[in-house]
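Here are my notes for you, written for someone opening this one for the first time. Have a look at the picture, then read through the points in order.

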Amino acid sequence: MAQPALRFAPELLLKAQGIRAAIFDVDGVLTDGRIYIGDSGELFKAFSTLDGHGLKLLAQGGILPIVVTGRDSPAVRRRVADLGLVHAAYGAQDKLAAASALLGPLQLDWSGIAVMGDDWPDLPLMQRAAFAVAPANAHIEAKAAAHHVTAAAGGHGAARECCDLLLSAAGRYAELLRGHQVTLDTAP
């Protein structure tokens with residue numbers, strides 16, 4: 001079976017090595033940033049299945065996915081729970097404080113943390129992280145703080161691209177891909 005094509009520059013993969021956990025914002029990263037409000041005041045958000053699978057793969061690859069979001073809603077909590085993510089901070093006005101509170105008990109420090117954010121509230125996290133990523137449609141300041149800007153937009157596969165990059169840097173991407181290519185017909 002052929003090896004997957006190298007999609008990221010070697011210098012970028014080198015910069016992303018040693019990441020043990022990745023913090024993701026929600027609005028603008030895991031969604032496209034739009035918020036739909038129904039007649040009864042309920043919030044609706046659209047999430048990409050590509051991103052969701054990427055977060056699951058990240059965990060399988062030994063990199064802990066974490067969510068830190070400035071908003072709180074049943075939709076976000078449901079999506080995080082459906083993905084099996086156990087470390088999250090909702091309604092975080094100070095995202096750096098919220099993230100630090102999550103990292104401490106996990107015995108993780110910022111030298112092993114990646115962050116994906118899209119706007120000003122994410123900047124303190126992005127500037128503190130060892131590796132920062134912004135989606136293609138992020139605010140210009142988030143892009144300036146990022147080591148990598150994805151080709152995909154937030155809510156449309158940007159988080160998956162980030163996950164693929166981190167898994168590639170950790171040397172786990174090809175192994176996880178092979179595991180998904182095995183079928184009853186190809187199993188040894």
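Which residue in S7 is the bridge partner of Val115? Ala132 is.

A word on the basis: this is a predicted model, where local features need pLDDT of at least 70, side-chain atom pairs count only at pLDDT 80 or more, and totals for chains, interfaces and linings use all residues. Residues are numbered from 1 along each chain as its sequence is written, and side-chain values use heavy atoms, with hydrogens and water left out.

1. Start with the strands around S6. S6 and S7 pair in the parallel sense over 3 bridges (strands pair if DSSP finds at least two bridges between them). To get from S6 to S7 the chain passes through helix H5, residues 123–128, in a right-handed β-α-β crossover. Right-handed here means that, with the strands pointing away from the viewer, the path from the first strand over the helix to the second runs clockwise. Helices (H or I, at least four residues) and strands (E, at least two) are DSSP runs, numbered from the N terminus.

2. S6 also has S1 as a partner: these two pair in the parallel sense over 4 bridges. Phe24 stands opposite Met116 in S6.

3. Both faces of S6 are covered, with Ile113 and Val115 buried on one side and Ala114 and Met116 buried on the other. Buried means under 20% relative accessible area, exposed over 50%, and partly exposed in between (1.4 Å probe, protein chains only).

4. Now the largest nonpolar core, which has 33 residues; Phe24, Leu58, Met116, Phe131 and Leu166 are those with the most contacts inside it. Such a core is a set of buried Ala, Val, Leu, Ile, Met, Phe, Trp, Tyr and Cys residues joined through side-chain atoms within 4.5 Å. Elements that each supply at least two of its residues include S1 (21–24), S6 (113–116) and S7 (131–134), while the largest share, 8 residues, comes from H7. Apart from this core lies another, of 24 residues, among them Ala99 and Leu125.

5. The structure holds 0 disulfides (pairs of cysteine sulfur atoms within 2.5 Å). Cys162 counts as buried, at 1% relative accessibility, and so does Cys163, at 0%.
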